[in-house]
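Here's a quick walk through a few side chains worth a look. Have the sequence and the 3D view open as you read.

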Amino acid sequence: SAHVSAADCHVLWAQKDNVLQPKADVTATEGEAVTLGCEYNTSSTTPYLNWYKQDINDRPRFILSRSTFSLEKTEDGVKNRFKSRLNSTLRSVPLTIVELQPSDSAVYYCALQPTVHIV
C-alpha cells in the first residue's frame, strides 16, 4: 500500500497569500487512485500553484505547476499518473495520483509561486 501525507505550506511574502491542505494522512491500495486537496488564497489575479513531493530523507522535488493562464508543466517522470487542474472559482488545485505505486509514499506540498512585480 501507499501512504501519502499533505502538509500546510504557507508563503511568507504576503499575509493574504497562503494555501491550505487537509492534515489527515491518506492510505490507499496499490493500483488505486487518491486525490490530495489544496485550497489557496492570494491577492494575485494570475496565481501559479506548484506541487512538490518529498520522499523520506530527501528534499522536496517539483512535480507539476498549474495557473489561471492554462500554462501547465509536469515533470516527465510523473506525466502519466500525476494529474491536477486549477479551479479559480473554487480557488482549488487538487492533485490526483492514479495507479498508485509503493514509491508514491511521501509527503506532498502545495505552494503558491511568488508573483514578481516589475517596476
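Is cysteine 110 buried or exposed? This is a predicted model, and in it cysteine 110 has 0% relative accessibility, so it counts as buried, the cut-off being under 20%.

Cysteine 110 has a partner: it forms a disulfide with cysteine 38, and the two sulfur atoms sit 2.0 Å apart. That pair links distant parts of the chain, 72 residues apart. Cysteine 38 is in the loop between strand S4 (34-36) and strand S5 (39-41), while cysteine 110 belongs to strand S11 (residues 106-112). The torsion about the S-S bond is about -65°, so this disulfide is left-handed. The count of disulfides comes to 1.

Strand S4 also holds leucine 36.

Now for the rings. The whole structure has 3 aromatic pairs. One of them joins tyrosine 52 and phenylalanine 62: the ring centres are 6.0 Å apart and the planes lie at 75°, so the pair is edge-to-face. Tyrosine 52 is in strand S6 (residues 48-54) and phenylalanine 62 in strand S7 (residues 61-67), so the pair ties together parts that are 10 residues apart in sequence.

Here's how accessibility looks for these residues:

| Residue | Relative accessibility | Class |
|---|---|---|
| Cysteine 38 | 2% | buried |
| Cysteine 110 | 0% | buried |
| Leucine 36 | 4% | buried |
| Tyrosine 52 | 24% | partly exposed |
| Phenylalanine 62 | 26% | partly exposed |

Key
Residues numbered from 1 in each chain as written. Predicted model: local features only at pLDDT ≥ 70, side-chain atom pairs only at ≥ 80, totals over all residues. Heavy atoms only, no water. Disulfide = S-S within 2.5 Å. Helix = DSSP H or I, 4+ residues; strand = E, 2+ residues; numbered from the N terminus. Buried < 20%, exposed > 50% of the residue type's maximum accessible area, 1.4 Å probe, protein only. Phe/Tyr/Trp six-rings, centres within 6.5 Å; stacked < 30°, edge-to-face > 60°.
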